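Please examine the sequence and the coordinates before reading the solutions.

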Amino acid sequence: MSESPPTTPVCYRHPGRETYVRCTRCDRPICPDCMRDAAVGHQCPECVDEGRRSVRPARTAFGGGDAGRHGYVTKTLIALNVLMMLLSIASDRGGDALAGGSGFGGLMGGSTPLTNWGAVLGQAVFPDGVVGGIAQGEWYRLLTAMFLHYGVLHLLLNMWALWVLGRSLEAVLGPARFLALYLVAGLGGNVAAYLLSAPNQATAGASTAIFGLFAAIFVIMRRLGRDTSAILPILVINLIFTFTVPGISIAGHLGGLVTGAAMALVMAYAPRSHRPLVQWVGTGAIVFVLLALAVARTATLLA
């Protein structure tokens, strides 16, 4: 009785293709179109997909996503601030949006219709007789103010600081945690300006959030055991500018500084076993306190 000739293996995904190559993971025969390079030999597409699902995504030291090293949030925030500056200039139609306002020898720009709409403002009577401000229900000002600037110089100074600080912090914290830090620090500075400034005094700028980043990078570097000697002089210089240059919101800068430090403490010192829960509950608690302070200020202005 004659033996049947041995059959040539065929690709399990393409039965019409003969092959002698097998997946190093499942040992099934695979043709050249199904081969995926592996550390040793080749794997089939199904094993590659299964391997990707079983690999945990890389996390930062504080639980954030590894995508933060690309700086996408920092770049988006800068682009948004630049866009708002262009819209502010367009709304002014050739006024003093670029320069001619107060601060730095008049190099800071003046107000525009857009900054009038979005700056932190407690309560004031506008030229058309309308009473507006946060106390009148315009709560959006506590957020929009951190994306508006008085002139290009004001914008450039803040965006340079955001570029330097933001990329480092985003890489360490991850995109979501860094964005939360930036927005809550900016909110904290704007709430402080609302609490401590005259009701009819308008303030705007990303510097509330930027000062929060200064405080945060100091706290986080200390947590990581890194040298912070280079950060302190820069922070001191910025504080000197805050107290000496006309037109700068002292309350806004200090409020952002304190809020940024509080956010950094929550992010950096959350216990590893319950890190995400503590970080996001802590963030929510800070936002709740800020909003409660703003509500209390509103009640005072309306009393």
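The model is predicted: local features need pLDDT of at least 70, side-chain atom pairs count only at pLDDT 80 or more, and totals for chains, interfaces and linings use all residues. Residues are numbered from 1 along each chain as its sequence is written, and side-chain values use heavy atoms, with hydrogens and water left out.

**Exercise 1. Helix 6 and its two partners**

Determine how helix 6 is oriented relative to helix 10 and to helix 7.

Solution. 

Step 1. Helices are DSSP runs of H or I with at least four residues, and strands are runs of E with at least two, numbered from the N terminus. Helix 6 covers residues 175-196 and helix 10 covers residues 275-302. Their axes lie 10 Å apart at an angle of about 20°; axes are lines fitted to C-alpha atoms over the stretch in contact, and angles run from 0 to 180 degrees between N-to-C directions. Helix 6 is therefore roughly parallel to helix 10 (angles under 35 degrees count as roughly parallel, over 145 as roughly antiparallel, 65 to 115 as roughly perpendicular and the rest as oblique).

Step 2. The contact (heavy atoms within 4.5 Å) includes Val184, Leu187 and Val191 of helix 6, and Trp280, Ile286 and Leu290 of helix 10. The residues of this contact comprise 15 nonpolar, 4 polar and 2 charged (Ala, Val, Leu, Ile, Met, Phe, Trp, Tyr, Cys and Pro count as nonpolar, Asp, Glu, Lys and Arg as charged, and the others, Gly among them, as polar).

Step 3. With helix 7 (residues 207-223), the axes of helix 6 come within 7 Å and cross at roughly 120°. The two helices are therefore oblique to each other.

Step 4. Among the residues meeting here are Gly186 and Gly189 of helix 6 and Gly212 of helix 7. This contact divides into 8 nonpolar, 5 polar and no charged residues.

**Exercise 2. Annotated spans**

What is the helix content of residues 137-268 and of residues 277-296?

Solution. 

Step 1. An unreviewed UniProt entry lists residues 137-268 as "domain: Peptidase S54 rhomboid"; such annotations may be inferred rather than shown by experiment. This span is 74% helix and 0% strand, with end C-alpha atoms 35 Å apart.

Step 2. The entry's "transmembrane region" listing includes residues 277-296. That stretch is 100% helix and 0% strand, and its end C-alpha atoms are 28 Å apart.
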